[in-house]
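Subject: Structure handover

Hello,

The structure is pasted below, and my notes on it follow. Please read them with the model open.

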Amino acid sequence: MRRYQLVAAFLAYVVVALSAAVEPGVFQIAPQRLPRAFDDELRPRLSAKATISHQLSAAPRWSEYHSPHPGTIVNVATEHDVQFCVQNQIPFLAQTGGHGWIDSWHLGQNGVLINMRALNKTTFNAQRTQARIQGGAIISEVIAQAYANDAQIITGNCNCVGNMGAALGGGYGNLMGLYGFSVDNILSLDVVLANGSMVTVTPNRNKDLWWALRGAGPNFGIVTAAQMKAYPKPKAQNMAWTGGLYYTEDKIERVVQAIQDLDLRAPMNVFLYYATTGPPSFTPTVLVTPFYFGSEAEGRAAFKSLLDIQPYKDGTAHIPYTEWNTAANIFCIKGGRKPSYGAGFSRMDPATWRQIWNAYVDFLKIPGTGSSTILTECYSLTYAQSVQKSTSSFANRDVRFNGAAIPYYQNASLDAAAEAFGSKVRDLWRSTDGFPRNRT
């Protein structure tokens with residue numbers, strides 16, 4: 001058995017050992033809180049700046065739908081603090097941004113949430129070709145440090161998401177057409193295993209973990225830091241043309257077909273949203289966000305087919321690296337209920353997207369759902385697909401489009417309606433995804 005399989009088996013045992021099966025594939029941790037003796041035993045082993053809390057507000061989640069409810073939250077201050085937290089044979093979860101939406105298991109009162117946020121440093125070598133990023137850094141912090149050091153690092157596109165979690169899952173981002181997925185840019189990983197030991201993982205050390213962590217990382221250990229490739233880029237050149245193009249719903253078919261037909265070159269990506277105008281009317285609208293790493297003139301030429309459809313509002317601009325993700329900050333609001341349904345697909349079908357629009361408009365008729373959204377993202381994959389699939393556990397290099405339906409509301413009584421809506425959208429994507437099996 002490979003070493004990473006042993007680690008996964010141990011992690012699964014730790015999570016499930018005190019659990020009771022509720023339904024196939026879903027586990028619920030017993031409700032008993034950890035004894036206070038646990039705090040007393042752990043606190044002397046932690047560093048001076050680490051703290052222990054029993055309030056969920058110490059590590060808020062992006063969504064409260066099926067969210068963890070740990071009895072103890074440890075706010076670690078050093079990478080060694082992480083080791084001490086996992087040496088007790090109790091359920092645990094490491095968290096940075098708190099955006100993970102998996103609902104197939106539940107961390108309960110007898111579990112520990114390891115809050116990584118204080119481990120947020122990003123440092124560069126003298127040549128600015130490598131960066132060491134700690135496991136608690138969020139994407140905006142990584143970008144800020146890269147920009148300050150006249151460099152670029154491949155990151156995700158949402159500022160408040162944990163950089164490491166996004167990277168270990170594959171790592172899509174604005175610059176992936178130029179540099180590949182995040183997993184293609186990792187040079188080494190510092191990892192705490194389930195037995196509390198710390199190992200360094202590289203292409204030549206712990207080779208099985210090297211393959212497994214890059215694509216399925218959250219299942220095999222807690223990554224406290226990663227050494228990643230960086231790319232020198234003076235601030236004057238670290239600019240892109242991006243922003244919102246807004247369309248009326250009668251243009252959905254033309255917009256979808258234009259995105260399907262786009263020749264996405266390395267400096268480009270594009271997102272499509274169904275969103276609303278916000279309070280008080282919450283009027284649904286169609287939003288496209290083109291991205292071009294280069295000048296405004298180059299960007300407008302590259303996305304001419306979308307501009308020719310004549311958006312009713314053009315909010316694009318030529319902006320610096322630190323502002324590329326700003327428009328997505330609305331996704332950084334913590335709390336509320338956001339069950340999320342994703343799908344991968346190989347083509348954009350206009351008729352399918354019309355059906356999705358109709359489902360979206362119907363769902364918005366339910367009071368309290370006006371902040372819900374549907375999105376899909378599309379990147380240039382030429383560079384990413386030049387990397388052999390076998391080099392990592394990431395399995396989706398052939399997925400051209402990634403979609404997510406995100407119902408957003410406050411009242412748990414709407415869960416059933418939200419689940420039905422999200423499932424319907426996902427089923428519609430799958431019905432014309434162009435794949436022989438589901439790619440979610």
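This is a predicted model: local features need pLDDT of at least 70, side-chain atom pairs count only at pLDDT 80 or more; totals for chains, interfaces and linings use all residues.

Isoleucine 52 is in contact (heavy atoms within 4.5 Å) with Asp39, Leu42, Arg43, Leu46, Thr72, Ile73 and Val74, leaving aside its neighbours within four places in sequence. Isoleucine 52 sits in strand 3 (residues 51-53); helices (H or I, at least four residues) and strands (E, at least two) are DSSP runs, numbered from the N terminus. Isoleucine 52 has a relative accessible area of 16% and is therefore buried, where buried means under 20% relative accessible area, exposed over 50% and partly exposed in between (1.4 Å probe, protein chains only).

Residues are numbered from 1 along each chain as its sequence is written, and side-chain values use heavy atoms, with hydrogens and water left out.

Two other buried residues

Threonine 155 lies in the loop between strand 10 and helix 5. Its relative accessibility is 6%, so threonine 155 counts as buried. Not counting residues up to four places away in sequence, threonine 155 touches Ile139, Val142, Ile143, Asn163, Tyr172, Gly173 and Asn174.

Alanine 343 belongs to strand 21 and, at 5% relative accessibility, counts as buried. With neighbours within four places in sequence left aside, the contacts of alanine 343 are Phe401, Asn402, Gly403, Arg426, Trp429, Arg439 and Thr440. The C-alpha atoms of alanine 343 and threonine 376 are separated by 9.2 Å, the two residues being 33 residues apart along the chain.

Cysteines

How many disulfides does a search of the whole structure find? It finds one, a disulfide being a pair of cysteine sulfur atoms within 2.5 Å. The partners are cysteine 160 and cysteine 332, with sulfur atoms 2.2 Å apart. The angle about the S-S bond is -100°, and the link of cysteine 160 and cysteine 332 is left-handed. The pair links distant parts of the chain, 172 residues apart: cysteine 160 is in the loop between strand 10 (151-152) and helix 5 (163-168), and cysteine 332 in the loop between strand 20 (317-320) and strand 21 (341-345). Cysteine 160 counts as buried at 11% relative accessibility, whereas cysteine 332, at 21%, counts as partly exposed.

Cysteine 158 is in no disulfide; the nearest cysteine sulfur is that of cysteine 160, 3.9 Å away. Cysteine 158 is buried, with a relative accessible area of 16%. Cysteine 378 is also in no disulfide, and the nearest cysteine sulfur, that of cysteine 158, is 19 Å away. At 1% relative accessibility, cysteine 378 counts as buried.

An open sheet of five strands has the order 8-9-13-11-12 with antiparallel pairing; two strands pair if DSSP finds at least two bridges between them. Strand 8 (122-124) and strand 12 stand at the edges with a single partner strand each, so one side of each is left without a neighbour in the sheet. The twist averages 15° from one strand to the next.

Strand 9 (residues 130-134) and strand 13 (residues 222-229) pair antiparallel over five bridges, and alanine 131 stands opposite methionine 228 in strand 13. Strand 11 (residues 186-192) runs antiparallel to strand 12 and is joined to it by four bridges. Leucine 189 has valine 201 in strand 12 as its bridge partner. The hairpin of strand 11 and strand 12 has five residues between the strands, and there glycine 196 takes a positive phi near 90°.

In a regular strand the side chains alternate between the two faces of the sheet. Strand 12 (residues 198-201) has Val199 and Val201 on a covered face and Met198 and Thr200 on an uncovered one. Helix 7 (residues 207-216) lies across strand 11, strand 12 and strand 13, at about 95° to strand 11.

Helix pair

The axes of helix 11 (residues 350-364) and helix 13 (residues 415-431) come within 9 Å and cross at roughly 175°. Axes are lines fitted to C-alpha atoms, for helices over the stretch in contact, and angles run from 0 to 180 degrees between N-to-C directions. Helix 11 and helix 13 are therefore roughly antiparallel to each other (over 145 degrees; under 35 is roughly parallel, 65 to 115 roughly perpendicular and the rest oblique).

Regards
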